[in-house]
Amino acid sequence: VQLQASGGGLVQAGGSLRLSCAASGRTFNRYNMGWFRQAPGKERELVAAMRWSGGTYYRDSVKGRFTISRDNAKSTVYLQMNSLKPEDTAVYYCAQGRIEYDGTFQNWGYWGRGTLVTVSS
C-alpha cells in the first residue's frame, strides 16, 4: 500500500488549504480513510475520517472548519481546511484502514509520509 499526501504549506491564520492523498495497492473503496496530525511534542491524533460507506468523523476542534471527502474513482481522499488557526500547525498524515468494510474508526493499517501545515498568526 502506498499513500502519497500533498498540499501542505504555509498559510496565515484564517486561510485555507486542501490536502490530497492518493492511495494505491488495494481496492480503495473497501477501506476507511483518515487524516491524522502530529504537532511538535504532542501525540498523533485523528483529525477526520471517512468510512468506505461515506460516514464521517471529525474531532471537535476542527468541526465546522475541516471537510473530508473521497473520490473512489481516483483512489484519493481530500481534507479541505478552512479558517485555519495556529494550533492547526502540524504534520498531517493520510491513513488507510486495516480492515475491509470496517464500521469503526479504530483500525488503521497504513500511513503516508506526511505533509507539513504551518499556520502563522
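Cys-21 and Cys-94 form a disulfide, with their sulfur atoms 2.1 Å apart; a disulfide here is a pair of cysteine sulfur atoms within 2.5 Å. This is a predicted model, in which local features need pLDDT of at least 70 and side-chain atom pairs count only at pLDDT 80 or more, while totals for chains, interfaces and linings use all residues. Residues are numbered from 1 along each chain as its sequence is written, and side-chain values use heavy atoms, leaving out hydrogens and water.

**The disulfide**
- A search of the whole structure finds 1 disulfide.
- The link of Cys-21 and Cys-94 is left-handed, with -80° about the S-S bond.
- Cys-21 lies in strand β3 and Cys-94 in strand β9, so the pair ties together parts that are 73 residues apart in sequence; strands are DSSP runs (E, at least two residues), numbered from the N terminus.
- Cys-21 is buried, at 0% relative accessible area, and Cys-94 is also buried, at 0%; buried means under 20% relative accessible area (1.4 Å probe, protein chains only).

**The nonpolar cores**
- A nonpolar core is a set of buried Ala, Val, Leu, Ile, Met, Phe, Trp, Tyr and Cys residues joined through side-chain atoms within 4.5 Å.
- The largest nonpolar core has 27 residues, of which Trp-35, Leu-79, Met-81 and Tyr-92 touch the most other members.
- Strands that each supply at least two residues of this core include β1 (2-6), β4 (33-38) and β11 (115-120).
- The largest share of this core, 4 residues, comes from β3.
- Apart from this core lies another, of 7 residues, among them Phe-36 and Tyr-93.

Key. Buried means under 20% relative accessible area, exposed over 50%, partly exposed in between (1.4 Å probe, protein chains only).
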